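I opened my notebook for a friendly look through this one. Here is what I looked up, entry by entry.

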Amino acid sequence: MALKPFKAPGARLALRTKPASDRFAGRLGETEVILDISRLMWRSFHPTPTGIDRVEYVYARELLERMPERLAFAAVHPVGGYYGRLNTAAVRQFLAFTTARWRNVDRPGPGESRAAILRRLFSLRPRPVPLAKGPRVYLQVSPHHLEDDEKVGDILRAEGAKFVNLVHDVIPLTHPEFARPNGAEDHLRRVRTIDRYADGIIGNSQATIDALAPHLTRGLDGRAIRVVHFGADPPDLFGPKGHSVPDRPYFVYISTIEPRKNHLLLLNVWRRLVEQLGDEAPVLVLIGRRGWENENVVDMLERAEALRGHVIEAGELPDNQMQALVAQARAMLMPSFEEGFGMPVVEALAAGVPVICSDILAHREVGGDAPDYVDPIDGLGWLRMIDAYRKPDSPERAAQIQRLGGWRAPTWRDYFDVVTDLLDEVAASR
């Protein structure tokens with residue numbers, strides 16, 4: 001199925017008008033907020049979401065609830081690559097369809113699922129950008145198409161809007177060895193686009209904003225900046241539990257298998273646990289797809305006989321199965337070398353599940369005093385901690401559960417109070 005190529009006439013008109021800041025100045029109550037959901041649409045054929053997918057989804061869900069009369073949707077469409085506005089009713093249906101797909105409750109056949117996705121994308125074909133009747137703020141919460149400076153500029157001129165962007169991380173710039181080939185160059189182009197156009201920046205952590213600042217030639221001054229931690233949805237948001245789990249103590253790690261996530265350390269720890277404990281060794285459940293440049297990890301998963309029955313590569317799972325596994329785990333493990341935020345840490349803690357994570361700035365910022373922290377290169381430290389947590393009477397695990405009583409989970413309600421305040425500030429600025 002192909003969509004008829006479309007170029008918004010509003011884009012050509014807007015290029016001949018004055019900048020939005022010269023035409024309008026108002027507060028959020030008078031401002032149209034345009035949420036870009038390009039990422040969700042381009043990821044339509046993926047069965048399970050990434051963290052960035054989830055965040056974009058939550059933005060759509062929460063802003064629809066908070067400002068339905070002022071909210072509009074737009075996207076660079078995955079069929080044809082054209083930018084345009086989206087029908088709000090069709091977006092609502094698309095969001096419901098996306099939630100059901102992540103739940104994977106009915107498990108439709110591949111053909112049926114693909115046909116349904118194509119129908120949704122056709123209903124979301126891009127439409128002309130209407131003439132502005134007041135101030136506009138264009139809000140983008142993913143890095144999608146930011147590497148194309150010219151495209152972003154055209155979009156902002158077509159909309160006559162100010163620009164607010166959510167930055168998830170700058171890891172490809174600070175740690176290029178963990179990025180895909182050309183990942184650092186692509187991310188630098190995204191940061192330059194943000195630097196050139198952004199009137200407001202949202203950071204998912206102070207660690208992210210601190211890492212971003214040196215890469216902005218304009219700096220942070222003169223922009224509206226907010227640091228706010230992502231909220232945690234209730235564990236039962238995506239449906240009931242009741243799925244099978246390992247019949248002996250187990251730990252979980254939710255992550256794409258890629259070098260930055262440090263799976264190799266855990267696999268070597270598990271080999272040692274099996275050598276020491278034999279059949280009494282706990283189980284490690286890896287949730288997430290295989291990523292890139294992970295040959296050593298894949299070799300161990302596929303060829304290390306000692307790990308058979310002790311390490312389960314579960315792959316991509318629907319949300320209800322994933323949540324069932326996390327709920328009964330001895331702990332969530334997160335040994336990654338670097339993170340912008342560390343959403344699994346917050347979600348596990350919010351569900352009352354202990355966390356053992358790497359001792360890095362982002363984890364400390366969001367986890368506070370609750371988790372147990374281990375240096376990501378301290379293999380023996382990880383071995384000792386996991387061995388302690390596997391025991392039914394583990395004092396270390398009991399101590400963390402007690403600490404969880406004093407840990408307050410960030411909420412999406414508080415999060416979007418801050419976001420709307422930022423949008424208000426940007427809309428009112430000249």
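**Ground rules.** I worked with a predicted model, in which local features need pLDDT of at least 70, side-chain atom pairs count only at pLDDT 80 or more, and totals for chains, interfaces and linings use all residues. Residues are numbered from 1 along each chain as its sequence is written, and side-chain values use heavy atoms, with hydrogens and water left out.

**Whole chain.** I found 18 helices and 13 strands, taken as DSSP runs numbered from the N terminus (helices are H or I, at least four residues; strands are E, at least two). Of the 430 residues, 55% count as buried (under 20% relative accessible area, with exposed over 50% and partly exposed in between; 1.4 Å probe, protein chains only). I also looked at contacts (heavy atoms within 4.5 Å): among those between residues at least 6 apart in sequence, 77% join residues at least 24 apart.

**H4 with H18.** How do H4 and H18 pack? H4 and H18 (residues 412–428) meet at an angle of about 75 degrees, with axes 11 Å apart. Axes are lines fitted to C-alpha atoms, for helices over the stretch in contact, and angles run from 0 to 180 degrees between N-to-C directions. The two helices are therefore roughly perpendicular (65 to 115 degrees; under 35 is roughly parallel, over 145 roughly antiparallel, the rest oblique). On the H4 side I noted Val58, Tyr59, Arg61, Glu62, Leu63 and Arg66, and on the H18 side Trp412, Arg413, Tyr415, Phe416, Asp417, Val419 and Thr420.

**H4 with H5.** H4 (residues 51–66) also packs with H5 (residues 88–103), at about 135 degrees and with axes 11 Å apart. That pair is therefore oblique. Asp53, Arg54, Tyr57, Ala60 and Leu64 of H4 touch Thr88, Arg92, Leu95, Thr99 and Trp102 of H5.

**Aromatic rings.** I counted 13 aromatic pairs (Phe, Tyr and Trp rings, the latter by its six-membered ring, with centres within 6.5 Å; planes under 30 degrees apart are stacked, over 60 edge-to-face, the rest tilted). Tyr415 and Phe416 have ring centres 5.0 Å apart and planes at 70 degrees, so this pair is edge-to-face. Tyr415 and Phe416 are both buried. Ring pairs link Tyr59, Phe230, Phe341, Trp412, Tyr415 and Phe416 into a cluster.

**H7.** Last, I checked H7 (residues 149–159), whose buried residues are Val152, Gly153, Ile155, Leu156, Ala158 and Glu159. Gly160 follows H7 and has a positive phi, near 60 degrees.
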